[in-house]
Amino acid sequence: MISIWFFIGISLAVNGALILAAGIFQLINPPEQPSVVLYHLHANVWWGAALLVFGLIYCVRFAPKRKS
Amino acid sequence: MEAGGWTNLKLQIAERASTQYVHLWSGLGSFTNNPMGIHWTGIVFGLAMVISTGYWTTDFLVVQRVLAAKDLRSAEIAPIIGAAFKMAVPFIVILPGLIGLAVLPVKLVPESVARITGGHSYNDVLPLMLARYCGPGLLGLGVTALIAGFMSGMAGNVSAFTTVWTYDIYRPFINRKGTDHHYVNMGRWTTVIGVLISVGTAYLVMQFASIMDYVQALFSFFIAPLFGTVVLGMLWKRATGWGGFWGLLSGTLCSVSMFLWVKHDPSALRYVALSPHAKGLAQDMYQALWSFITCVVVTVVVSLVTKPIPESQLTGLVYGLTKIPSVGKLPLYQRPIFWAGVVMVVFIALNIIFW
């Protein structure tokens, strides 16, 4: 049986990767007028990275085990 | 961070609104000293004693999780885990509101005013704060989380509605001889109807000043008297079925009548909430209290004049006549009472910190 936490890990990792990618894109191509306050803190990068790391940990920890 | 820490946040709120927005108890000595327009008696007896306790013990959304527990320990620990997370709700719901009060360039107004002026209401604060701080990607996740939270609550309530209708009303009173297939179909159709009713109630919410006002009004109609009935039924062996029925009916009618009275004549609020300075939420709290008291009094009186139920039929239903099973010998950190104590200590600490 595949653990529900494995799917949660996939969801966290995919969301994290997308948000991190959007953050890095904005870091490389900064907008002239940021649409959010505290833009200089780059919340997208930090939160995206955090979600990606937690998602990958869950994916590995609860990955379906192969039967020998 | 934008507000400049908790101390600066408090200063900005004091400048733009009132210092009472960051206190739980210190302004409750008078109806005029706090933004809710309520007295501590309304909070302690209306909200804490009746509405909150009633919600935790009679709301089917909460109770169904406990009923489905695999053993006594799981059943006892479920509401304790819920209580621990519930204490985090102010940090998710109230803190963004406070930050919005301090930093948003727009002034938030009640829903009724926002509809006329086209401004933003209190209910918009979470989406506004999300849009203010979350860039591409993060904003989508935040909105998804809000919708997921709504869907989770909605799904739980609709399934509770379906269960109560099919198992507790339809099967015992309307059709006792149906097949399992028939009851499953009934449950499915009730789910569809429940969703449609939920959509309809969204239009009803628009009549209220805020979603919180609406929720508390509903609690005062249904949860408060039901709590009186359940408590007496569980703890008092002399309570009878007719006592419970008339108590529940009179409690609900009492609450609904007070609501309609104030809606028809807003000055009547001074009688319901005991002060001419009371505001909408105070009405809900006192309405719940009067409804609970009415229910208890009527239940006791009717029970005393009706035929008592033999004790043999009450075993397993009334506390004093039921042998309570033990959770067994467990390490301290696995005992529900230990975690209940931890939650209680944190709860008291939060109340002192935000006094």
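In this predicted model, A:Ile2, A:Ile4, A:Trp5, A:Phe7, A:Ile8, A:Ile10, A:Val14 and A:Leu18 form a nonpolar surface patch of about 740 Å². One of these residues, A:Ile8, belongs to helix H1 of chain A, which covers residues 4-28. A:Ile8 has a relative accessible area of 32% and is therefore classed as partly exposed.

The description now turns to the interface of the two chains. Here 13 residues of chain A are in contact with 11 residues of chain B. The two chains bury about 950 Å² between them, and carbon and sulfur atoms account for 74% of this area. On the side of chain B, the residues that lose the most area to chain A are B:Pro136, B:Leu138 and B:Leu141, which together make up 47% of what that side buries. Zero salt bridges are found between chain B and chain A, and the count of residue pairs in polar contact, with both residues at pLDDT 80 or more, is one. Two helices of chain B, H7 (125-133) and H8 (138-174), each contribute at least two residues to the side that touches chain A. Of the elements on that side, H7(B) gives the most, with three residues.

Within chain B, helix H10 spans residues 211-235 and contains B:Ser220. The relative accessible area of B:Ser220 is 0%, so this residue is buried. Its side chain reaches the backbone oxygen of B:Ala217 at 2.7 Å. When residues up to four places away in sequence are not counted, B:Ser220 touches B:Pro225, B:Ser255, B:Asp284, B:Gln287, B:Ala288 and B:Ser291.

Charge pairing is the last topic. Side chains of opposite charge can pair when their charged atoms come close. Over all chains, the structure holds one salt bridge. A salt bridge joins the side chains of B:Lys237 and B:Glu311, with an N to O distance of 2.9 Å. B:Lys237 lies in the loop between H10 and helix H11 (241-264) of chain B, whereas B:Glu311 lies in the loop between helix H13 (280-305) and helix H14 (336-353) of chain B; the pair therefore ties together parts that are 74 residues apart in sequence. B:Lys237 counts as partly exposed at 42% relative accessibility, and B:Glu311 also counts as partly exposed, at 41%.

Terms used:
Residues are numbered from 1 along each chain as its sequence is written. Chains are lettered from A and ligands numbered from 1 in the order in which they are written. This is a predicted model: local features need pLDDT of at least 70, side-chain atom pairs count only at pLDDT 80 or more; totals for chains, interfaces and linings use all residues. Side-chain values use heavy atoms; hydrogens and water are left out. Patches are made of residues with over 30% relative accessible area and no salt bridge: like charges are joined within 9 Å, nonpolar side chains (Val, Leu, Ile, Met, Phe, Trp, Tyr) within 5 Å. Accessible areas come from the Shrake-Rupley method with a 1.4 Å probe; for residues, only the protein chains shown count as cover. A salt bridge is a side-chain nitrogen of Lys or Arg within 4 Å of a carboxyl oxygen of Asp or Glu. Helices (H or I, at least four residues) and strands (E, at least two) are DSSP runs, numbered from the N terminus. Buried means under 20% relative accessible area, exposed over 50%, partly exposed in between (1.4 Å probe, protein chains only). Contact means heavy atoms within 4.5 Å. Buried area is the accessible area (1.4 Å probe) that two parts lose on being put together, summed over both. A polar contact is a pair of N or O atoms within 3.5 Å; within protein, one must be able to donate a hydrogen and the other to accept it, and residues adjacent in sequence count only if both atoms are side-chain atoms.
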